[in-house]
Amino acid sequence: MPRVPTTADVTNPQRKGYGFRLDNLLFRTAISNDRPLTISTAEFPSQQIDLRQNPEDITTNIGQIFSRGDFSGGQGLDYAHKRNNAEKDVTRFFDSKGVDVFHGDEDSSYNVHLLYQTAAKNITFSGTNNYLAQLTNGKLYVTDVTTVYESSDNGDSWSPIAAGTNGATHNFTGIAAVGNEIYLTTANVTTGSQLIKYDGSSWSTLTTAQVSSAGLTGIWFAKGQLFISGDNGTVELLWGITPFQQTWTSSDLQDADAIVTFEDSHHISQVVDAGAVVLAASTNGDIYSIKDVTGTMTLFGQTNIPFEEVHCIAATEGQVFFGTKEFSRNVGRFYRAELVTADNLYVIANRQLVKEWTINNIDTTPKFMFASRDSVYTGIAESSTETFLWRYYLPTASIARDLKITTTAGFVEGITNTNGKFIVVVSGSDVYKETNLYEDTGYIILPNIDFFTSEVKQWVGTTIEHDEIVDTRRVQCFISTREGNIDSPDSGNWELSNDSTQGFGGEEVQINRNARYLNMKVVIQATDDLSGTPVFRSVSARALPRPQLVVVDIPVNISDQIERPNRKKLKVKNLGEAVYQELKQKEGDSVTLQLFDPQEVIRGVVESVAYPVINDANIGSVTQYCTVRIRGVRAEDVISQFTNTAGIGTLGVVRLG
Amino acid sequence: MSSTIGNLVDRVYREYLEPNDDIQSFSNLRTAITDTTTTTVAYESDFLTTEEEDAMGSGAFIEINQELMLVLSLNTADETLTVKRGARGTTAETHAQTDLIKINPPFIRLNVFNAVKDQIENLYPTLFAVESQTITSASGYVALTGADDSRIVAPLKAVSQYTSISGDQTSIQFRGVSIELIDVPTTVTSTGKVVQFSGIASGVNVHCTFRKKFGEVTSEQNTLSDTGLETEYEPIIMAGVAAQMISGKDIPAATTEYISDSIQASVYPVGSSTSIRNSLLQYQQILIQQARKDLRARYPEPVSLNSVVYPSA
């Protein structure tokens with residue numbers, strides 16, 4: 001059987017009439033006018049999901065468009081196109097800052113705009129025992145060391161209630177609002193820890209009965225009961241006492257009356273009413289379920305969160321939320337769970353991690369949770385200068401970064417909302433209130449998009465749409481083809497594509513990038529005038545199949561006849577069969593194709609080797625060829641080429657004589 | 001211009017049968033074949049692609065000089081062939097190192113050589129060779145005894161400086177002499193040719209010019225002068241050989257185009273409806289006519305009566 005030439009056998013193969021090589025095998029083409037060599041751009045592979053289920057991604061005849069106009073699904077989506085996409089992923093993004101993505105049920109269509117700033121109320125706390133209470137009459141109280149500050153104007157101004165008149169002889173450890181009254185606890189390191197009441201005009205010390213070395217450690221109000229925690233020097237205790245028509249005596253808060261007892265290196269962190277039971281979170285990792293049994297608060301189950309300290313808890317709409325810190329690391333986590341009954345006990349089940357914050361050298365422990373009508377909030381310190389509220393939005397079951405508090409340190413120990421504005425207490429820092437001025441800038445980072453294919457695509461343009469921009473405000477779109485760039489909002493690798501300083505946007509800006517992924521960062525800027533905000537509506541990116549993805553159809557000479565340049569035709573018995581068999585062996589293999597004319601190197605797969613064709617040309621020659629199809633990628637940006645070069649069939653044969 | 005018949009054969013290949021861009025696949029002899037019985041041929045693979053090398057497999061014919069050999073087996077590792085010598089009626093010969101090895105040649109060299117031989121033979125009587133001899137007159141006939149005098153077919157003229165039959169006088173001028181060429185049996189003289197003079201004394205030198213057939217070609221080493229060919233006859237022979245060789249064969253377009261170009265370069269139009277072969281033959285006829293005119297100009301037809309060539313004036 002004749003041999004199929006290899007690159008080891010032949011030097012200068014093009015001079016010897018070989019048209020291309022597949023790996024190390026050399027072949028002659030059979031190109032003619034009716035059998036051209038074609039190199040054409042490949043189409044995208046067929047989609048693996050039904051796009052009708054995903055209307056935000058629209059297939060058009062000029063490429064693929066990724067478009068997003070609703071971001072209420074929350075942050076945390078790193079890849080827009082993946083096999084296990086959830087339905088709400090079409091409204092999700094990866095990260096945001098300074099923008100309101102949930103919009104709520106405001107009386108306007110959905111849009112994204114800047115959040116309001118927060119401003120310190122300049123109390124400037126002396127200690128870190130700063131606890132917040134809001135009365136039903138709207139008054140706000142916050143503690144600091146042995147001082148209580150009061151605000152009667154929705155947190156705009158704060159005044160200390162005359163020092164010493166509150167009766168506190170030790171630092172406050174907790175505050176609870178009961179109607180228009182507040183109850184406070186203090187802790188003495190020896191004896192005489194206090195339970196103090198303020199009814200809006202006068203102070204009274206209700207009891208100092210507990211004899212302890214660490215004192216009372218906190219107070220909460222739920223289900224008509226005051227839940228008071230204390231440390232007797234040996235164990236941590238939690239009592240439940242009704243404050244109404246209570247005659248306080250020296251027998252109150254005795255160890256034997258405690259609902260819960262556990263070792264005192266941990267403490268009760270937050271107590272909430274979860275409907276059927278009251279839930280008390282502990283930094284020992286337990287969440288205690290306390291049920292009102294004929295007026296007596298009784299432990300009715302407890303749930304342990306392994307290896308995590310539970311620092312805050314909230315319950316609303318039948319769901320339980322709690323924040324934890326890992327035992328050995330300063331890693332904060334936000335969980336969502338459900339309260340279920342098991343063996344007649346109430347336990348936390350179906351726990352799902354919503355968000356985890358791992359930031360170098362920053363303790364991201366969530367210390368307090370606040371449940372509003374539609375959201376659950378907690379505060380996370382994210383840097384040495386910035387702390388953010390994080391908002392879990394109940395309607396879409398999603399989370400995103402919310403208000404920013406510019407502070408050098410501290411945990412958020414108190415959150416409330418009054419008159420439509422948030423009040424945030426940062427431990428050891430100050431009270432902060434949401435203002436009427438917008439943040440000067442905010443962003444949304446969208447997930448990596450690749451249209452379900454790993455092939456490199458040609459990203460041709462991005463479009464942003466927004467309401468008419470006035471003044472000096474602007475909406476910008478930055479792009480990056482680096483997959484991991486979404487983790488770095490401030491990276492220098494973000495390149496500006498769209499920059500709207502007027503009008504409504506809607507114009508596609510050419511970007512011309514070749515990559516598998518594209519990610520986008522939309523930046524909204526209020527710039528100088530912070531009384532207004534740009535209103536961002538949607539963003540989209542368009543991709544075309546990259547020219548490097550090519551399909552090459554090559555007519556291959558599999559006749560017995562050699563047509564080497566500058567030599568007369570020569571026949572080699574069975575050469576064609578040998579060549580065809582070699583080609584068939586290559587079918588389905590990954591190969592390197594080198595075309596000699598035009599010069600191309602394509603790496604891909606031999607998609608098909610067609611059955612041989614016998615061509616009985618009019619000129620009298622009988623030739624055999626087959627068409628080989630190779631799909632692959634190449635380096636040059638060339639869309640399509642057609643060529644006709646001398647080959648089998650193009651050399652005429654004339655009968656003489 | 002060619003000095004030998006072999007050169008003329010090569011010229012036919014170069015100018016008609018194997019244009020530079022359409023030559024037969026070839027290799028070289030790595031070692032000389034010093035006898036006619038050796039059956040191993042060592043070839044040089046550098047000149048060949050793998051396929052061309054495989055084309056020399058069993059059953060193929062290779063040609064070295066005028067010898068065709070039938071390949072019995074191919075050994076690509078050793079780059080040798082085992083062959084049957086002197087195939088297809090050719091003669092086994094010795095061959096020198098670096099002699100060309102052609103693979104399955106469509107135009108066999110022996111055939112081209114034979115065609116050259118045929119063309120030369122067929123030129124006569126349209127064209128002829130011319131030979132001058134100085135013959136001493138005698139009272140009777142004078143036998144022509146030169147080695148190839150048998151090819152002499154007719155006297156064209158004869159001159160001598162002897163001017164008087166009786167006085168034995170000489171002159172500085174040449175005067176015509178009557179001469180007669182007589183075919184005689186080879187028993188008279190081996191060439192079968194004798195001449196007789198009239199009107200001149202015996203024993204004087206007569207310069208005779210004869211019309212002569214072209215010499216027989218027996219090998220590629222024969223020179224053109226041996227055969228009596230003038231250099232201007234080479235194109236006539238080449239055109240005839242080319243026409244003879246391509247007759248009845250499939251010729252690649254490149255070759256036909258090349259031949260057409262060659263003819264057109266000689267200011268002979270090749271019509272699209274005219275076959276290459278016919279064009280070659282017509283071209284050859286034109287060349288022959290020109291050559292004949294030249295011959296007539298140089299050698300006018302003599303005055304002849306009863307086979308005696310008389311002086312023209």
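**Exercise 1. Find which residues touch the most other members of the 46-residue largest nonpolar core.**

Start with the term: a nonpolar core is a set of buried Ala, Val, Leu, Ile, Met, Phe, Trp, Tyr and Cys residues joined through side-chain atoms within 4.5 Å. Buried means under 20% relative accessible area, exposed over 50%, and partly exposed in between, with a 1.4 Å probe and protein chains only. A second, separate core has 44 residues, including Val12(B) and Leu224(B).

This is a predicted model, where local features need pLDDT of at least 70 and side-chain atom pairs pLDDT 80 or more, while totals for chains, interfaces and linings use all residues. Residues are numbered from 1 along each chain, chains are lettered from A in the order written, and side-chain values use heavy atoms without hydrogens or water.

**Exercise 2. Check the span of helix α1 (residues 575-586) of chain A.**

Helices are DSSP runs of H or I with at least four residues, and strands are runs of E with at least two, numbered from the N terminus. The expected span is 1.5 Å times one less than the number of residues, so the 12 residues should span 16 Å. The end C-alpha atoms lie 17 Å apart, which agrees. Among the buried residues of α1(A) are Tyr580(A) and Leu583(A). Just after the helix, Gly588(A) takes a positive phi of about 90°.

**Exercise 3. Decide whether Tyr310(B) is buried, partly exposed or exposed.**

Locate Tyr310(B) in strand β17 (residues 308-310) of chain B. Its relative accessible area is 34%, so Tyr310(B) is partly exposed.
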